[in-house]
Amino acid sequence: MTEPLVRADPAPPRRPRIPRLLQQPYFRRYWSAQTVSLFGDQITMLAVPLLAVLALGAGPAEMGYLTAASLLPNLLFSLPAGAWVDRYPRRRQVMIVADLGRAGLLLAVPLLWWTDALNLPLLCVVAFLIGILSVFFEVAHSSLFASLVRRQDYVDANSLISASRAMSDVAGPSIGGVLVQVLTAPVALVADVLTYLTSGVFLTRIKVTERPAQTGPGLGMAAGVRYVARSAVLRAVLLGATTLNLFNYMFAALFVLYVTTELDVSPGLLGLIIGAGSFGGFLGAAVTGPLSRRIGIGPAVILGLVVFPAPLILVPLAGGPRPLVLALLLTAEFVSALGVMILDITAGSVQIAATPETMLAVVSGFRRTVNYGIRPVGALIGGALGATIGVRPALWIASLGALLGVLWVVFSPLRTMRDLPEE
């Protein structure tokens, strides 16, 4: 048997392909800042309530006050903050100051605890102030995003950020739990301080040409509300998402109670199911870009409005042998996480593309006001329905009602929209 004249060299190992946007240094730093900040948020969401319970002896009423203190800034300040940011020429600076401010406020918590000066009212004040800074950070984020990312890359950029959010949803609570277990809740907050400082450092290393500040008539809070009301695209997305949020928070208010008491699932097992189901978010972040290019950005929004809430029907439907119940719950969590990523990426891209750069912050603030405002309303209605007609019938109403949100978008220009809209 003869040997070949030229021996083929073994193929070099293939290196993992880095997404094109992450090869751009300024976007990579922006994405890194977002990723680090998302992980820090997960630590705070776990460590602060645990600190209130374990170190300060907070009861149900006190926990309600703490939760309200952290959410109230979204209702009070989102719209005015957006109007102010649109008139301020350096949105990146707003985000850096918000990061540094949140780091300083969080650092004060363990310092107060070590000096025996921390109490629940002070913790509520800190949560309220952090909430205000978070509002300014988020409304400035839309403007910086539009200055940094080309319009044709909106979906891919949002997919990368949503993948980071999915990763933080999966790993963040576990990291936070370990930190609280090993270091105690007050010391665990120091880790979150470091995440905000790291985010601020990444943002300082971004060079981007931001649009000049806008002045004169036709701007401000009222103008932002009017623009959304007159835009068929923005109005449909906002009404669809708000309807979905109303019913989804009715569902969320009863979900844990139903699964643990009616289905007899232990808290630890429920946590594993939710964590495993969150991997659907990774799949959603990966497929949304190719999917929206294949079927069109508008139909992808419609698909997200269906795939997000529809699997939740499996929760009140669950019954029978225990393996079947667990399989239905896992399927509901996994497919719903996939759907919420499709919706967040496509709807977020459409909303930014359909909004003039001069109004990005105020329109973002108006959306936050409406979407965050409807959530406690949904939770209250869900609790009242559960107490009146029973938890399972209330979950049926909530899971089926959430599908009504898609009707706002089906009967809008998004139904036939292939590409991102012009301003």
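How many nonpolar, polar and charged residues does the lining of the second largest pocket have? This report on a predicted model answers that question and then turns to a pair of packed helices.

**The second largest pocket**

By class, the lining of the second largest pocket comprises 8 nonpolar, 2 polar and 4 charged residues. The volume of this pocket is about 300 Å³. It is lined by 14 residues, of which Pro 19, Arg 20, Asp 156, Leu 160 and Arg 293 are the closest to its centre. Two or more lining residues are given by each of the elements α5 (154-183) and α10 (279-295). The largest share, 5 residues, comes from α10. Domain 1 (21-211) and domain 2 (221-422) each supply at least three residues to the lining of the second largest pocket.

**The packing of α3 and α6**

Two packed helices are described by the angle between their axes and the distance between the axes. Helix α3 (residues 91-114) packs with helix α6 (residues 185-204) at an angle of about 165°, and their axes lie 8 Å apart. Because angles over 145 degrees count as roughly antiparallel, α3 is roughly antiparallel to α6. The crossing in which α3 passes α6 is left-handed. The residues of the contact of α3 with α6 divide into 18 nonpolar, 3 polar and 4 charged.

The residue classes of the two regions are set out below.

Conventions: Residues numbered from 1 in each chain as written. Predicted model: local features only at pLDDT ≥ 70, side-chain atom pairs only at ≥ 80, totals over all residues. Heavy atoms only, no water. Axes fitted to C-alpha atoms, helices over the stretch in contact; angles between N-to-C directions. Helix = DSSP H or I, 4+ residues; strand = E, 2+ residues; numbered from the N terminus. Parallel < 35°, antiparallel > 145°, perpendicular 65-115°, else oblique. Left-handed = near helix turned anticlockwise from the far one by under 90°. Nonpolar A, V, L, I, M, F, W, Y, C, P; charged D, E, K, R; others polar. 1 Å grid on protein atoms, 1.4 Å probe; cavity = no way out; pocket = protein on both sides within 12 Å on 5 of 7 lines; lining within 4 Å. Points joined across faces, edges and corners; volume = space filled by probe spheres on them. Domains from an automatic or database assignment.
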